[in-house]
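Q: Please take a close look at one part of this model. I want its contacts and its surroundings, step by step.

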Amino acid sequence: VVSSLIKLLDDENSLLRAAQALGKLGKDSDLVVNSLMKLLDDEDGFMRRSAAQALGKLGKKSNKVLPLIEQWLKVNQDAENIGDVIDALWDMVAFK
């Protein structure tokens with residue numbers, strides 16, 4: 001299931017739902033986390049938000065996500081989607 005969803009991240013028509021499903025599944029493999037991290041830089045705002053939300057869900061169960069989000073924030077302080085990433089970070093730490 002996870003490998004099929006990862007492949008769907010390359011499909012413009014399925015990308016959003018695939019990201020949401022990966023967050024709900026809670027599989028925190030390096031492949032899943034890295035694929036979602038790449039989407040934080042996507043041109044589409046809905047896609048960035050979905051990736052951030054999925055990472056937020058994964059981060060509640062995994063110690064892998066938080067350091068990557070912190071690193072991303074340091075590098076991308078002027079990114080227009082930083083609010084979505086901060087919301088994901090807040091979800092990880094506030095509701096654990």
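A: Start with Lys 64. In this predicted model, Lys 64 is partly exposed, with a relative accessible area of 36%. That value lies between the cut-offs of 20% for buried and 50% for exposed. Lys 64 forms a salt bridge with Asp 30. The closest N and O atoms are 3.5 Å apart. This pair links distant parts of the chain. Lys 64 sits in the loop between helix 4 and helix 5, while Asp 30 belongs to helix 3. They are 34 residues apart. A search of the whole structure finds 1 salt bridge.

Now helix 4. At its start, a side-chain oxygen of Asp 44 comes to within 2.8 Å of the backbone nitrogen of Phe 46. Helix 4 has 15 residues, which at 1.5 Å a residue should span 21 Å. Its end C-alpha atoms are 21 Å apart, so the two agree. Buried residues of helix 4 include Met 47, Arg 48, Ala 51 and Leu 55. The buried residues of helix 4 pack against helix 2, helix 3, helix 5 and helix 6.

Next, the core. The largest nonpolar core holds 28 residues. Leu 9, Leu 36, Leu 40, Leu 55 and Ile 69 touch the most other members. Helices 1 through 6 are the elements that give two or more residues to this core. Helix 4 supplies the largest share, 6 residues. Take Leu 36: leaving out residues up to four places away in sequence, Leu 36 touches Ala 19, Leu 22, Ala 51, Ala 54, Leu 55 and Leu 58.

Conventions:
Residues numbered from 1 in each chain as written. Predicted model: local features only at pLDDT ≥ 70, side-chain atom pairs only at ≥ 80, totals over all residues. Heavy atoms only, no water. Core = buried A, V, L, I, M, F, W, Y, C linked by side-chain atoms within 4.5 Å. Buried < 20%, exposed > 50% of the residue type's maximum accessible area, 1.4 Å probe, protein only. Helix = DSSP H or I, 4+ residues; strand = E, 2+ residues; numbered from the N terminus. Contact = heavy atoms within 4.5 Å. Expected span 1.5 Å × (residues − 1). Polar contact = N/O pair within 3.5 Å; in protein donor to acceptor, adjacent residues only side chain to side chain. Salt bridge = Lys/Arg side-chain N within 4 Å of Asp/Glu carboxyl O.
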